[in-house]
Amino acid sequence: MKHKQPYNFRPFVSLGLLIMMWFSFSPKVNAAFSIAPGTAGQRQFSFEINPGEEKGDTVMVENLSNQSMNLHLYPADGTQSNQGTFALTTLDNPQINIGKWVTIAEPYVTLGGEEKKYIPFTVKVPAETPA
C-alpha cells in the first residue's frame, strides 16, 4: 500500500490571507478591521494534513472602529490576477481547493465597536486529494 504524504498548506501562504471578507454595513462606517490567527503569538496558519484528515483552529476578527459592523467570512482559493500577482477568488466563484475544504463555524459575524471574536474553523482535506 502506498503511503500518502501530508498535504502541505505552505503554498497557500496563510489561511488568514485566504479568508476573504465581505462587508455589509452602513456606508458611514469606516471599514477598519483586523483578522489574524486566534492563538497568541501565532503569525500565520500552517498545517500538514494527510488526505482524509481534518484539523481545526481559530481566527480572530477585530473591529478597529467604534461602530458596529457585519462581516461575512468565507474561505477562498488562491489564484493569479490579470497582472500575474497573487489574488483570491470571490464568493461568487466556485471554490475547488482550500476554499472548498474549509468550514467556518460562524461565517456571519456582527462585531460591536472595538469588539473582537474568535471564530473556530476546520480544514478537511478530501481523501482523494493527491499527496
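Strand 3 and strand 5 run antiparallel to one another, and five bridges join the pair. If you look along this pairing in the predicted model, you will find I35 with V61 of strand 5 as its bridge partner. Strand 5 also pairs with strand 11, again in the antiparallel sense, and here there are nine bridges. On that side, V59 stands opposite I119 of strand 11.

Let's carry on across the sheet. Strand 11 is joined to strand 9 by three bridges, and these two strands run antiparallel as well. Here I104 sits opposite F121 of strand 11. Put together, the four strands make an open sheet in the order 3-5-11-9, with antiparallel pairing. Its edges are strand 3 (33-37) and strand 9 (102-104), each of which pairs on one side only. On average, neighbouring strands of the sheet are turned by 25 degrees against each other, direction ignored.

The largest nonpolar core has 18 residues, and L73, I119 and F121 are the ones with the most contacts inside it. Several elements give two or more residues to this core: strand 5 (54-63), strand 6 (69-75), helix 2 (98-101), strand 9, strand 10 (108-111) and strand 11.

Strand 10 is worth a visit for T110, which lies in it. Leaving aside neighbours within four places in sequence, T110 is in contact with M69, N70, E115 and K117. With N70 there is a polar contact from side chain to side chain, at 2.7 Å. T110 and L71 are 39 residues apart in sequence, yet their C-alpha atoms are 6.3 Å apart in space.

Finally, a word on confidence. The protein has a mean pLDDT of 79, and 76% of its residues reach 70 or more. Among its elements, strand 11 (residues 116-124) has the highest mean pLDDT, 95, while strand 2 (residues 19-23) has the lowest, 37. Over residues 1-29 the pLDDT is below 50, although this stretch has 86 contacts in the model beyond near neighbours in sequence. Where pLDDT is low, the predicted coordinates should not be read in detail.

Definitions and conventions: Residues numbered from 1 in each chain as written. Predicted model: local features only at pLDDT ≥ 70, side-chain atom pairs only at ≥ 80, totals over all residues. Heavy atoms only, no water. pLDDT = per-residue confidence, 0-100. Contact = heavy atoms within 4.5 Å. Pairing = 2+ DSSP bridges. Axes fitted to C-alpha atoms, helices over the stretch in contact; angles between N-to-C directions. Core = buried A, V, L, I, M, F, W, Y, C linked by side-chain atoms within 4.5 Å. Buried < 20%, exposed > 50% of the residue type's maximum accessible area, 1.4 Å probe, protein only. Polar contact = N/O pair within 3.5 Å; in protein donor to acceptor, adjacent residues only side chain to side chain.
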